[in-house]
Amino acid sequence: MPRDLIIEPAAIDLNRVICDQEQLRQFNPQRFEMEQLTAVCFEDLERHICVGYKDVAQDDFWVRGHMPDMPLMPGVVMVECAAQLCSYYVHSHSLLGPGVLIGLGGLDEVRVRGPVRPGDRMLIAAMLLKMRAGVMCVCQFQCFVADRLVCEGQIKGVALPTEELQQAS
């Protein structure tokens with residue numbers, strides 16, 4: 001376990017849903033197979049902490065091929081779950097500014113420390129470390145299955161040029 005937890009996983013009431021998957025769609029653009037966050041269950045606006053979870057299902061898109069007869073959630077999917085939680089926090093509190101869409105800009109100090117399997121509930125804790133409105137944000141994240149740390153690191157989110165991206169499609 002790291003010396004400094006963002007929040008103690010056992011202290012989170014997973015039955016207290018602040019934002020369910022339907023509400024998450026108001027803030028995060030991912031749909032279908034790429035929706036990787038089940039719910040948000042805790043926010044502390046003073047400390048800029050947000051906690052959510054992903055209920056890992058037997059029919060998640062990666063299960064069949066990673067790996068057959070021994071499905072393990074890919075580390076990049078763990079990171080995507082954390083990125084979607086960070087995106088939710090920044091968008092739901094309009095921290096980047098109006099109409100700004102955030103995209104993945106970088107990762108630092110990411111470590112995958114344990115397996116996540118179908119049937120697990122992966123708790124994700126994120127803390128906003130740095131914010132430049134309209135430009136970027138940096139969040140620390142930690143993912144847990146029960147009280148076991150399975151992934152951690154830092155995510156940098158950057159403002160996306162949405163008009164330019166929409167014209168290109």
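The views come from a predicted model, in which local features need pLDDT of at least 70 and side-chain atom pairs count only at pLDDT 80 or more, while totals for chains, interfaces and linings use all residues. Residues are numbered from 1 along each chain as its sequence is written, and side-chain values use heavy atoms, with hydrogens and water left out.

View 1. A pocket is an open set of points on a 1 Å grid over the protein atoms alone, with protein on both sides within 12 Å along at least five of seven lines; a cavity is a set where a 1.4 Å probe fits but cannot get out; lining residues have an atom within 4 Å of a point. Grid points are joined across faces, edges and corners, and a volume is the space filled by probe spheres set on the points. The largest pocket holds about 200 Å³. Of its 16 lining residues, Ala83, Ser87, Ile102, Gly103 and Leu104 lie nearest the centre. The lining has nine nonpolar, five polar and two charged residues. At least two lining residues come from each of α2, β4 (101-112), β6 (136-145) and β7 (148-160), and α2 gives the most, with six. These labels follow DSSP runs numbered from the N terminus: helices are H or I with at least four residues, strands E with at least two.

**View 2. Helix α2, from end to end.** How far apart are the end C-alpha atoms of α2 (residues 75-92)? They are 26 Å apart, which agrees with the 26 Å that its 18 residues should span at 1.5 Å a residue; the expected span is 1.5 Å times one less than the number of residues. In α2, 15 of the 18 residues are buried (under 20% relative accessible area; exposed is over 50%, partly exposed in between; 1.4 Å probe, protein chains only). After α2 comes Ser94, with a positive phi near 50°.

**View 3. Ile155 in strand β7.** Ile155 sits in β7 and is buried because its relative accessibility is 6%. Setting aside neighbours within four places in sequence, its contacts (heavy atoms within 4.5 Å) include Val79, Ala82, Ala83 and Cys86, along with Leu104, Cys137 and Phe141.

View 4. Beyond residues up to four places away in sequence, Lys54 touches partners including Glu35, Asp60, Asp120 and Arg121.

**View 5. The largest cavity.** There is one cavity of 30 Å³ or more, and the largest has a volume of about 70 Å³. Its lining is Gln21, Leu24, Arg25, Asn28, Gln30, Arg31, Glu35, Gln36, Leu37 and Gln84, which divide into two nonpolar, five polar and three charged.

**View 6. Cysteines without a disulfide.** The whole structure has zero disulfides, a disulfide being a pair of cysteine sulfur atoms within 2.5 Å. Cys19 is in none, and the nearest cysteine sulfur, that of Cys50, is 8.7 Å away. The sulfur of Cys137 lies 4.8 Å from that of Cys139, its closest, so the two are too far apart for a bond. Cys19 is buried at 3% relative accessible area, and Cys137 is buried at 2%.

Methods: Ala, Val, Leu, Ile, Met, Phe, Trp, Tyr, Cys and Pro count as nonpolar, Asp, Glu, Lys and Arg as charged, and the others, Gly among them, as polar.
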